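Visitor: I would like to understand how the words used for a structure follow from the values behind them. Could you take me through a few examples, step by step?

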Amino acid sequence: MTAAATMPRAAYVIGVGLHPYQAPSQIPYTHLGLTAVRAALADADITWPAVESAFVGTALVGAAAGRPMLRHLGASGLSVTQVENASASGSSAVRQAWLEVASGAADVAIAVGVDKPAMRSDGYRESGIVDLADGLIAPPTHFALLLEQYGRRYGVSAEQIAHVAVKNHRNGAANPNAARRQLLSTEEVLAATPIAGALTKYQCCPVTEGSAAVIIASDEAIARLGVNRSRSVRIAASTQRSEELYDADLFPDAELTRATTAQALAEAGITFRDLDVVEVHDAFAIEELVYIEAIGLSEPGRAAVDVAAGEFDIGGRCAVSASGGLLSMGHPVGPTGVGQIAEITAQLRGEAGTRQQPGARIGLAHMLGIGTVCIEHVLVKD
Amino acid sequence: MDATEFVPPLLDENGSLLVAECTHDGHRWFPPDRYGCQRCGAYGEDIRLQPTSASGVLVDSVVVHRYRGPGPNAPFAVGSIRLDGSLQMRALVVDGTPAGSRVSGERTEQPDGSVWMIFSEVSA
């Protein structure tokens, strides 16, 4: 375990930037990524030569996406590493950048998430193992089955679950970087094109492209480079775990989230009650509910009621998916975990505009990658 | 070297499911493989195959509205099935099969000529 408290020094987010998430286009990934990196450099008010190490999170572009993109900022000779961890690729890039700075290996590191959708294979499909429904159970179906299980166990209706999509689209409508900026009623969510089981189009994240970048620096670098310390946000925990064996009636992604959260909160020295903003892997609406419960923010089976009551709205006791989440902001895969850090940083700085959670000081970002891995970061504004 | 050395077929010649069982700790799983037991790490010849009846209880099912690939045409239903012996897996089911009902699977040819096991309700 690499706990933040055991690392030689603290590491801070000093700059964030995005290329808006959007429907797939002819724009090359290089432009998407460079836009986000330049925005992050401007936000930190530093120049490219100050960045010593880059981690490029991408799952779909293919091999060697890093230097062909980053050389256009100036071929500075910095360390470049590509990171792939499925949906959590960007979160892994952030974690690797944090590890380099917190360990003392680098003073300034950048995590860049960039992707364009493409039909490619994955480790599961190439493992040689097939099953009776091979290829028939795509992610929406996997989570539609979870929705059935959850709804039956807790007596929660499809209408109640649809409130997640209503909330997240309302948040995303106020986010200029969101792909699906559209206010929706519960009725509109339920009447939309059916995908699998009770999940409709608006309860499934859109396929998008985009980019996000986060610059992480040490105290020494903040002083040396003259970075505005009042806008820096400390990374209080960076935690990663993978799936274990669970009983058949438990949902593996929820159990994995529960274990990862316990470790992340302990590393940060806080409890779930301290969280002001949380970004979760809400690729499908039902996921947000089970992760809210696994994090501890709702009692088992209560998350849908709490969402409907506005407890996780912006202005509620904890803003969940204030960015719009994967459902509205989009899930371009590589950028998604980096974009969560950008959103929480904006929230903790008090710079989130009309999406601002009042008084936000502590945030948690949560991503899963098929396999399954879970990565969480806790950010604190000291 | 043949891939079936690591990944045995799903079914035997009688249509029974081939469930993997670890001879070290008794852990069972489906679909079978000999890559290694997720509980203890035993592998290869330490994993044996047990023919198991393709029958159990339907836990949940959903209709897949969108699918473009080999096999059945959408819409079709898939479900979670708890096999006799508590192992749980997923497969095609006949749409409308109530959760909690006893089901058994039969190999069924699809319009594209591929063969899939489809579970349907059986009388108790």
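Guide: Let us begin with a term: a salt bridge is a side-chain nitrogen of Lys or Arg within 4 Å of a carboxyl oxygen of Asp or Glu. Please keep in mind that this is a predicted model. Between chain B and chain A the count is one salt bridge.

Visitor: What makes the pair Asp60(B) and Arg152(A) a salt bridge?

Guide: The side chains of Asp60(B) and Arg152(A) meet at 2.5 Å, N to O, and the cut-off asks for a nitrogen of Lys or Arg within 4 Å of a carboxyl oxygen of Asp or Glu, so the pair counts as a salt bridge. In general, side chains of opposite charge can pair when their charged atoms come close.

Visitor: How do you know how much area is buried between chain B and chain A?

Guide: The size of an interface is often given as the accessible area lost when the parts come together. For chain B and chain A the buried area is about 2,400 Å², and carbon and sulfur atoms give 69% of it. On the side of chain B, Asp60(B), Val62(B) and Arg90(B) lose the most area to chain A, and together they make up 26% of what that side buries. In terms of contacts, 34 residues of chain B touch 25 residues of chain A.

Visitor: Which residues meet where H3(A) packs against H13(A)?

Guide: Gly90(A), Ser91(A) and Val94(A) in H3(A) meet Gly337(A), Val338(A) and Ile341(A) in H13(A). By class, this contact has three nonpolar, three polar and no charged residues.

Visitor: Why is it said that the salt bridge of Lys116(A) and Glu209(A) ties together parts that are apart in sequence?

Guide: The side chains of Lys116(A) and Glu209(A) meet in a salt bridge at 2.4 Å, N to O. Lys116(A) lies in the loop between strand S4 (108-115) and helix H4 (123-126) of chain A, whereas Glu209(A) lies in strand S7 (residues 209-217) of chain A, so the pair ties together parts that are 93 residues apart in sequence. Over all chains, the structure holds 22 salt bridges.

Note on methods
Residues are numbered from 1 along each chain as its sequence is written. Chains are lettered from A and ligands numbered from 1 in the order in which they are written. This is a predicted model: local features need pLDDT of at least 70, side-chain atom pairs count only at pLDDT 80 or more; totals for chains, interfaces and linings use all residues. Side-chain values use heavy atoms; hydrogens and water are left out. Contact means heavy atoms within 4.5 Å. Helices (H or I, at least four residues) and strands (E, at least two) are DSSP runs, numbered from the N terminus. Ala, Val, Leu, Ile, Met, Phe, Trp, Tyr, Cys and Pro count as nonpolar, Asp, Glu, Lys and Arg as charged, and the others, Gly among them, as polar. Buried area is the accessible area (1.4 Å probe) that two parts lose on being put together, summed over both.
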